[in-house]
Amino acid sequence: MKTLLVGDLHLKSQLILPIVDNVIKDNNVKRVILLGDYVDFPGQTNNINLYARDLTFLFSWKKNMEANGLEVINIIGNHDADYLINFVSQYSVENIEVFFAIKEQLKELGLQVAYQLNDFLISHAGYTTLFNPEPWHFEKITSRHLHKLEELADSIGTKRGGLFETGSPLWADLSELKEKTNLKHPKQIVGHTPQKNIDASNNIIGIDTFSLYLNNHHEYQVIGNGDLIIHDDKHNELTVISTNWGNLETYETLKKLIQ
Ligand SMILES: [Mn+2]
């Protein structure tokens, strides 16, 4: 059975999931794992229409996939966790009523901290020596997990401006994860740290290839090439799939979406 893994979406579901749809069809994918950070977009913290439209699109996409017999796993990212624990950060949506509406929408998605895919441990940012997977990490997050989720959301490593030696599975920078990999889990696939492309030759694989940044002229630029990765459990094999992310159409559609 084939599983497709997709990096951080950051309110670009409407742009990325149609690309994902094609890859699913072409490769007979039966399970999709989204690696978290569904919300927040640099420079768009006041764009409540973007939040509303994109989360609605993501939610109906998931329902549609499930209706067609596919399994969709939603990993939680640090941006999503802030909403669940009522922490309004500098990159959260600014309108407080919208903040709570987004929190409810995220809860509806059914988020979890980690997923075990054969011998690959999947999470938003990865398990370093300071963190071990706990049973609740593999369950859908409910209100009784929020206290523990808060601990993960507060554990930020020095590479991301925190005080911890490394970040939690919501926060670890890819360099922290590579330097201090939890040796009980040598093979991990993560998002969270923007990558130019996916390099599947390492045991620690970063797949955040859809992230954008604002350049000096206040224009959005892609960082990565939109690579996706498929796991086939027949031979426990990974295959990198390239996409047409970052072409002219990407930028044109993006302009329309953020209006
Ligand atoms: Mn992140």
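Here is a quick tour of the metal site, some salt bridges and a charged surface patch. Keep in mind that this is a predicted model. A manganese ion sits among four named residues, D37, N78, H124 and H192, and the salt bridges come to eight.

**Manganese site**
- The manganese ion is held by D37 through OD, N78 through OD1, H124 through NE2 and H192 through ND1, at 2.1 to 2.2 Å.
- Along the sequence, these donors follow the spacing D-x40-N-x45-H-x67-H.
- N78 belongs to helix α3 (residues 78-84) and H192 to strand β7 (residues 188-194), so this pair ties together parts 114 residues apart in sequence.
- N78 is buried at 2% relative accessible area, and H192 is buried too, at 5%.

**Salt bridges**
- E104 and K107 pair up through their side chains at 3.3 Å, N to O.
- Both lie in helix α4 (residues 96-109), three residues apart, or about one turn of the helix.
- E104 is partly exposed at 42%, and K107 is partly exposed at 46%.
- R144 meets E139 in a salt bridge at 3.8 Å, N to O; R144 is exposed at 63%, while E139 is partly exposed at 35%.
- K159 and E179 form another salt bridge, at 3.8 Å, N to O.
- K159 sits in the loop between α5 and α6 (174-179) and E179 in helix α6, so the two tie together parts 20 residues apart in sequence.
- Here K159 is partly exposed at 47%, whereas E179 is exposed at 58%.

**Surface charge**
- A patch of negative charge on the surface brings together E134, E150, E151 and D154.
- Of these, E151 lies in helix α5 (residues 146-154).

Methods. Residues numbered from 1 in each chain as written. Predicted model: local features only at pLDDT ≥ 70, side-chain atom pairs only at ≥ 80, totals over all residues. Heavy atoms only, no water. Patch = residues over 30% accessible without salt bridge, like charges linked within 9 Å, V, L, I, M, F, W, Y side chains within 5 Å. Areas by Shrake-Rupley, 256 points an atom, 1.4 Å probe, with all protein chains shown as cover. Salt bridge = Lys/Arg side-chain N within 4 Å of Asp/Glu carboxyl O. Lys, Arg positive; Asp, Glu negative; His and termini not counted. Charge placed at Lys NZ, Arg CZ, Asp CG, Glu CD. Helix = DSSP H or I, 4+ residues; strand = E, 2+ residues; numbered from the N terminus. Donors = N, O, S within 2.8 Å, 3.2 Å for Na, K, Ca; no water. Buried < 20%, exposed > 50% of the residue type's maximum accessible area, 1.4 Å probe, protein only.
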